[in-house]
Amino acid sequence: MGSLPAPPFGGVGLGGGGMREATNTPVALPGVDTTSALPTVRPTPSWSKARRALGNWLFVLPAIALILTTAIYPLVFSLRLSFSRYDLARPRQIPVGLDNYRAAFADQYVHNATGNTAVFVVGALAAQVVLGLALALLLNMRLPGRSVLRAAFTLPMMFSTVVAAMNFKVLLHPTYGLYNWLLRFVLGDGFVGDWLASPRTALPTLMVVDTWQWTPFMFLIFLAGLQALPVEPFEAAELDGASKLQQFRDLTLPLMRNVIVAAVLIRLIDLLKIFDVVYILTEGGPGIGSETISFLIYKTAFKFRQVGLASAYSYLFLIVVTVLATLAVRVLWRKTASAKG
Amino acid sequence: MRVSTRWLLHERETLEREFREEVRLATVLGRPIERRRLMKYVGYSIALFGAAGPALLKDSSSVTAAPSRVAAQDGDVVITFANIQGPEDAYEKVMATDYLKAHPEIKDIVFDTTPYNNGLEKQLLELSSGQGGYDLLWTDEPWLPAYADAGYVMDLREEFTDIADPNYAWEDFHPAPLAAGQWNDTQFGFPHQANTLGMAYRKDVYQELGLTEPTVGTTWTEFEENLKKIHDPGKQLYGLTSWRQRGVLNTTDYMTVHHSWAPPPDNQFWNLETWEPMMNGQVGQEALAYYVHLMDSYMPPGATDIEWTAMITAMQQGQAGNMINWTASFAPLEDPSVSKVVGQIGWTTPPAGTNGQPASHRGVWVLTINKASQHPQETFKFAEYLTDKPGLMTYSLLGGFGGRNSLFDDPEINAKYPYYAAQLANFDAAAKARAYRPRLPEFDLVIETVNRNLSRALIKELTPKEALDAMAKESGDLLKQLGYRSG
């Protein structure tokens, strides 16, 4: 058998800084006397290293170019826009310093949208955590038809949000909608409502729609977490006479903490950015009753063409989302660290 | 959604030709037509008509579309038409199909049809890119100043003098739609769909209840007396349906009350010379309080969410006694395939204030040509074809509203569409009440200050006075910031 083919780029792989250098040690192959067959590899000369580095850069260059053009450049451009007045109908950037940021802090409609977003996030997130956990606990038990039920409960998540929202628009129609018909049939006229058109019910209705669609996501993550829990602590607690509630409070919840916080974090970021359901079902109305931050940014940029102002809103919003996400991660890290002792 | 007119035409013609050849061959060979094969083609025809038929039939009100299948080569002339959803889209597709038949040098006319709410943003984004993605744009008249001011659209009277049809007859247009296509005394738009805000009412209901049918000059008080008798939710018959979903079309509906409440200049929203807000005076307070009362008392359930489709459906299903809406909605009420009230509708202006002067509103759609278009001349000729005398006659017979004087005088049009007379009365009412939306390049920003506060008044978040004060403050600040208003 002849000598082994030389690896590309001077005998090393294509990885980054963690690559192993080639050595003179022959590779031991079963049944092959490699000691006499392999030539001695000398230390790599510097020109070869440079060639290797160039090769590496050539491989990562397309990715860098893609990130620069599709992520970094728009970010920098929109940052610049946030300090300018820029109207789509008069595309000239007029520098205005911090005016857009001052306007954002002073604008009552930003305050309103912030309040609506906060209410929406807290309400929908709480409902999704509670319902998702309850469903996961239920379907983690030995029930007849459990597999079918698990599949059925994940269905809403498979819908496009647009399709789901359009369905709800029809179902919630005050005159022709199924829900009002059912309510009228079961409970009488007093329980029929303009769910999307009343200032009292529009935002809660959006929460219900979002909860219907995204509770399955929580359910799936929690179910996976429950199935990964060790059995021994629960058997020991059972022997010690702990009730199911005590087991849930003192074992399930602490052991599931990481899973719960990760799921909450993902949904928190998603909910803060809520747009599609609002756009389709209420367009921020009635009045400004369901206008969220993302919807306000969209309207400011594309309906009212104030792209500079919308960019300032976006950067402020980005800061808020980043701070909240970082805080959540820190809380998770601290609690996990303290739990480990 | 993008639809290739050439593809629709090609598919229809191919199918018809193959079907004819099949029948001819079968006859020549002296054998009976194979039934299975015949049925197959019948099946194809039904499927194709299901998909493409509405675009090709003159009475269609919507189009089921497929993406363009005609690949354009370099040098091919493909006109891209930015259109807005509505019954007019189908009429325009019928006419575009005929135009392609007569103009083989045009490879295709591609329709990119968008819902009204997204029309302005989509058109403006495309125009501001300077890429010429759209050649022809169906433009709502309040959008025109922004396009013209930014230099995005072409001057139709100066830039096409060498190819313009000498018999086009600009002078035949009614002054109102003609003015809708102008900005700073320059004609940027061909008047196309000449809408006004009008009122449709159920003649049979009025007659059954022994009520006097409304006419030009019927006051709001007299109208409400009728509403009290008509409105019967137990029988699923509501007095009135009108646009109430938040937005500019809710605002224009309210403006018909506001503008009718007093003669100009007291009925104005802004002083058009100084741009000082005027909407929160005594006239505004009375008008808005009355409008809120009207909306609360005589509208169907879900009123705060009612928009175009809901309004028309309520009338078509016989659930509303009166409708105040744009005249583009009138033709679908007389379409027997979707309406239960064909032949039972009367038409007039919206009711009048105590002085007997009604107000309406002008809402004309014009055709504009993108300055970055790759085929401006071909686009110009196509737009001329859509809006010249025969073009607007065809369009109007299909169900549209052409704004030419010759149409208002035409016996065939008036016989087929009795609401043309009301249309003229609406134009007259709008002019007398000086009822126009603010004609500024920043129209959408300014009108939003009214939209959102009007909506807040309708849901009782603000009292009428608070809502009007908020409109005055917000619009005043904005107009000052934009440099229109001093002080």
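**One residue, then the interface**

Author: Leaving aside residues up to four places away in sequence, Thr114(B) touches Asn83(B), Ile84(B), Gln85(B) and Lys122(B), contact being heavy atoms within 4.5 Å. The model is predicted, so local features need pLDDT of at least 70 and side-chain atom pairs pLDDT 80 or more, while totals for chains, interfaces and linings use all residues. Residues are numbered from 1 along each chain as its sequence is written, chains are lettered from A and ligands numbered from 1 in the order written, and side-chain values use heavy atoms, with hydrogens and water left out.

Thr114(B) lies in strand S3 of chain B, residues 106–114. Helices (H or I, at least four residues) and strands (E, at least two) are DSSP runs numbered from the N terminus. Thr114(B) counts as buried because its relative accessibility is 9%; buried is under 20% relative accessible area, exposed over 50% and partly exposed in between, with a 1.4 Å probe and protein chains only.

Around that residue, chain B has 19 helices and eleven strands. Of its 487 residues, 59% are buried. Among contacts in chain B with a separation of 6 or more, 75% join residues 24 or more positions apart.

Next comes the partner chain. In chain B, 31 residues are in contact with 27 residues of chain A. The size of an interface is often given as the accessible area lost when the parts come together. Here the buried area (accessible area lost by the two parts, 1.4 Å probe, summed over both) is about 2,700 Å², with 46% from carbon and sulfur atoms.

Four salt bridges are counted between the chains, each a side-chain nitrogen of Lys or Arg within 4 Å of a carboxyl oxygen of Asp or Glu. The side chains of Lys303(A) and Glu121(B) form a salt bridge at 3.1 Å, N to O. Helices H4 (116–129), H5 (144–149) and H18 (443–458) of chain B each give two or more residues to the side that touches chain A. H18(B) gives the largest share, seven residues. By class, that side of chain B has eleven nonpolar, nine polar and eleven charged residues.

On the other chain, helix H13 of chain A spans residues 293–303, and ten of its eleven residues are buried. Lys303(A) is one of the buried residues in H13(A). After H13(A) comes Arg305(A), with a positive phi near 65 degrees.

Definitions and conventions: Ala, Val, Leu, Ile, Met, Phe, Trp, Tyr, Cys and Pro count as nonpolar, Asp, Glu, Lys and Arg as charged, and the others, Gly among them, as polar.
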